[in-house]
Every structure is written in structure tokens, then in C-alpha cells.
There are 2 protein chains.
Amino acid sequence: MAVQQNVKKGGREAGGDLIVGKHVYGNLYGVDEEKLWDEELLKDIVVEAARVANMNLVDIKTWKFTGFHGGVSVIALVLESHISIHTWPDYGYATVDVYTCGANSDPWKAFNYIVLKLKPRYYIVHYADRSSIPGYTESEKR
Amino acid sequence: MAVQQNVKKGGREAGGDLIVGKHVYGNLYGVDEEKLWDEELLKDIVVEAARVANMNLVDIKTWKFTGFHGGVSVIALVLESHISIHTWPDYGYATVDVYTCGANSDPWKAFNYIVLKLKPRYYIVHYADRSSIPGYTESEKR
């Protein structure tokens, strides 16, 4: 799918010398089972999370897997990278990834919004730098 | 989208008492620009990566963002979670996430396959445990 972007993808505030990538991800334990089966609710949460974090939603898709060990997956492609939620309702368990690029979007806002809505009893969160290395653009000639 | 699964999602070897989640992610620096613009190549690499890692591909989608700071995104939803590649060809830069659930799939195999194909000059890789906590399934009553 070709997308003509109006907003530049990533590194918008960085003067073009690097891509600023920020990835916040966490595991949410002890989440209400009904919420974790609710495909529409989860989709709405991701759409709103993208909005509060100033991310530009390009596409969003959800899947429901039935049966034991089943659950819901939501993946949103945003101009700034992606947001995903995977759930395992039988385990009261969900994982969340919010990965943005560019100085204008804030993955923590999206992550915190999702936690606020899913209300886990407990969660852990990590941060990963997904930025490019300035000036390190050349490939090896092979 | 409803999916009737034949293979249980996640934790298949764990006796059902927890979800085993394994997330390998990395940043690839100094990758050939042409490869990073090649939507079909990147898609094929992800499909094959899923296969070598014993992951079950459910859906795959690609997007191309034109212009400065543009690039390609590939996101695959697998029964075991997801694989994503985001590229910024102007920077020779790509990021890769391989997130699997269940003891039968190996995210390292997929990650290493992608690195082998994209041939970065340099890359960093991290591992995150995305497993549930055994017995910690109840939500708070709110």
C-alpha cells in the first residue's frame, strides 16, 4: 500500500540527521477478562492512545482467536511506527507495545492511556531507544 | 477478523499455566538503501523468517511512505504475536521486532534470518520477556 505522506515519517524535529525512535513496551497482569475479549473496546483504546500521543494513524486491524489460549490482537500502523496489544483473557494478561518515531509524538502518553483503560493489577514497563546513528548511513559494498 | 485456530495461541508447551512470550528486537545500521525501499523483498523476508522460526503467519501487510524520511513498514500478525520491520532508506536504517509466544517458536531464528538477508554493517539486539506470571490471573474488582 503506497502512502503519500503529508507529515514526514520520523525524525521530524531532528533536522534530518537522524531518526528518533522511542519504544515503550510492557506486560499487563491481572486485567479484567471481559475487557480482554472485547475487540471493539481494544481497538477504540488504541485509536485514542494514538491521538493522545500525537501519532498519525495510518491503518488498524484486529483479530480474535477463539478457544483456550485464545485472545485478541490489535495492531495499528502509525506514521511514526506501530502500536500493538495482544491479549490472553484466560490469563488476565495483555502485552502492549507503543513504538513512535519523531520528536513530536510521545509513546509514554499512549502507553499510560492504555494502562489507565485496562486497569491491570500490576504491570511492568520498559523503554528501548530505536534511533538511528547520526552519519552512519552507508552500507558495505558487497 | 475472527480466526478459528488449530494451533493454540501461546504457551503451548507450558501446560497451560502461563503464556511464554519472547520478544527479540534490534536496530540495523548501514543497510543497503535499495533493499530498504523494496516492499516485496521485505515482505518475502518476513514470510520466510516466520517459517524458519516455526511461527504461524495469519496476516501480513506492507506500506510504503514516499518522500524524505520515507520508507517501508511490514507488519505480520502471527498466531504467536507479531513481526515488524520499519525502514528509513535515506538513513540506511531499519528496525526489527520479532515477538513470539509459545515454546515451539524461536524468535532468534527469525531475527537472525532477517539480519542475514539485510546485511547491516552493524546492529544491536535486545531481548524482552513477555511472559505472563503463573497464577496471577485475577483482576481487581472495580
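1. The UniProt annotation "modified residue: Pyruvic acid (Ser)" covers S81(A); UniProt positions are given in the numbering used here, feature names are shortened, and annotations may be inferred rather than shown by experiment. The model is a predicted one, in which local features need pLDDT of at least 70 and side-chain atom pairs count only at pLDDT 80 or more, while totals for chains, interfaces and linings use all residues. Residues are numbered from 1 along each chain as its sequence is written, chains are lettered from A and ligands numbered from 1 in the order in which they are written, and side-chain values use heavy atoms, with hydrogens and water left out.

2. S81(A) belongs to strand β5 (residues 81-88) of chain A; helices (H or I, at least four residues) and strands (E, at least two) are DSSP runs, numbered from the N terminus. Its relative accessibility is 0%, so S81(A) counts as buried (buried is under 20% relative accessible area, exposed over 50%, partly exposed in between; 1.4 Å probe, protein chains only). Neighbours within four places in sequence aside, S81(A) is in contact with A76(A), Y99(A), T100(A) and C101(A), and also with H86(B) and W88(B) of the other chain, where contact means heavy atoms within 4.5 Å.

3. The interface of the two chains brings 71 residues of chain A into contact with 72 residues of chain B. Between them, the chains bury about 5900 Å², 55% of it on carbon and sulfur atoms; buried area is the accessible area (1.4 Å probe) that two parts lose on being put together, summed over both.

4. Four salt bridges are found across the interface of chain A and chain B, a salt bridge being a side-chain nitrogen of Lys or Arg within 4 Å of a carboxyl oxygen of Asp or Glu. K61(B) forms a salt bridge with D59(A), with the closest N and O atoms 2.5 Å apart. On the side of chain A that touches chain B, β3(A) supplies the largest share, seven residues.

5. Helix α3 of chain B (residues 107-118) has twelve residues and, at 1.5 Å a residue, should span 16 Å; its end C-alpha atoms are 17 Å apart, which agrees. The expected span is 1.5 Å times one less than the number of residues. Buried residues of α3(B) include P107(B), A110(B), F111(B) and I114(B). The buried residues of this helix pack against elements of chain B, among them β2 (21-29), α2 (39-52) and β7 (122-129).

6. At the start of α3(B), a side-chain oxygen of D106(B) reaches to within 2.9 Å of the backbone nitrogen of W108(B). W108(B) itself lies in this helix and is partly exposed, with a relative accessible area of 33%. Leaving aside neighbours within four places in sequence, W108(B) touches V24(B), V125(B) and Y127(B). Its C-alpha atom is separated by 9.9 Å from that of V52(B), 56 residues away along the chain.

7. Most residues other than glycine have a negative phi. K119(B) is placed in the loop between α3 and β7 of chain B and is partly exposed, with a relative accessible area of 36%.

Terms used: Polar contact = N/O pair within 3.5 Å; in protein donor to acceptor, adjacent residues only side chain to side chain.
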